[in-house]
Amino acid sequence: MRRMTYGLLVLGTGLGMALVARERRGVYESEAAGPASRQLMAEHEVILEVLRAAQTEADHARQGFNLDDNRVRDIVDFSRNFTDRCHHGKEERFYFPAAEVYAGQRVYGFVDELMTEHAYGRSIMDEIDYLLGGDAGEAATLIAERLSAYVSTMRRHIQRENQQLYQKSATFLPGAEEQALLVGFDRIERVDLGMGFHERYHRLAETLGEGLRQR
Ligand SMILES: [Fe+2]
Ligand SMILES: [Fe+2]
């Protein structure tokens with residue numbers, strides 16, 4: 001009996017350690033996800049850095065500090081170009097159609113919701129852009145509110161994609177399809193957006209993140 005209890009204890013500890021190790025792995029290092037899914041999850045990490053900068057800017061404005069218009073312009077630039085044209089472009093033109101073909105009804109409604117969230121994020125960035133050209137004092141409160149709406153929508157959106165679509169992609173997307181998706185992604189990056197585009201926006205995300213740490 002004592003030996004059995006000891007055995008169960010060892011088994012439980014081993015299982016616990018395996019679960020902890022799995023928790024520690026980055027989201028885009030998931031064993032289950034293929035290369036296209038992992039690329040999208042890695043881009044989420046860059047987007048999340050800029051969302052942290054956006055939330056800090058909104059909090060500062062709410063606390064009565066002046067809004068840093070240049071930082072907000074950089075956040076709009078990043079969100080329109082890296083997040084929307086590049087990342088959402090890869091999802092909408094290549095990944096979502098493939099997911100719908102292979103997963104069918106399991107993802108139809110879900111993908112529709114994700115597309116609506118992309119459109120909502122796009123409209124918020126347009127509103128912030130219009131507000132930046134208006135009366136600074138009055139606009140600051142609205143810009144802060146719009147930034148917070150964007151941050152909460154996109155954080156939830158990324159979490160849903162990571163947890164419900166990309167990490168489970170191995171169950172519905174064949175490996176060959178994941179490889180083929182990379183061809184489309186590469187086309188968006190190198191031909192549609194041009195060489196150096198990705199690097200430029202990675203640097204902008206880093207700059208916005210560094211500004212965050214200095215505050
Ligand atoms: Fe998305
Ligand atoms: Fe995404």
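Reply:
**A close look at helix packing**

T141 lies in helix 5, residues 136–166. Helices here are DSSP runs of H or I with at least four residues, numbered from the N terminus. This is a predicted model, where local features need pLDDT of at least 70, side-chain atom pairs count only at pLDDT 80 or more, and totals for chains, interfaces and linings use all residues. Residues are numbered from 1 along each chain as its sequence is written, while chains are lettered from A and ligands numbered from 1 in the order in which they are written.

T141 is partly exposed, because 13 other C-beta atoms lie within 10 Å. The cut-offs are 20 or more for buried, 12 or fewer for exposed, and partly exposed in between, with C-beta atoms placed from the backbone. L67 is 74 residues away from T141 along the chain, yet their C-alpha atoms are separated by 9.1 Å.

Now the packed pair. Helix 3 (residues 69–103) and helix 6 (residues 175–192) pack at about 155°, with axes 9 Å apart. Axes are lines fitted to C-alpha atoms over the stretch in contact, and angles run from 0 to 180 degrees between N-to-C directions. So helix 3 is roughly antiparallel to helix 6; that term covers angles over 145 degrees.

Which residues meet? In helix 3, they include G89, R93 and Y102; in helix 6, E177, G184 and I188 are among them. Contact means C-beta atoms, placed from the backbone, within 7 Å. By class, this contact has eight nonpolar, two polar and four charged residues. Ala, Val, Leu, Ile, Met, Phe, Trp, Tyr, Cys and Pro count as nonpolar, Asp, Glu, Lys and Arg as charged, and the others, Gly among them, as polar.

Notes:
Helix = DSSP H or I, 4+ residues; strand = E, 2+ residues; numbered from the N terminus. Parallel < 35°, antiparallel > 145°, perpendicular 65-115°, else oblique. Contact = placed C-beta atoms within 7 Å.
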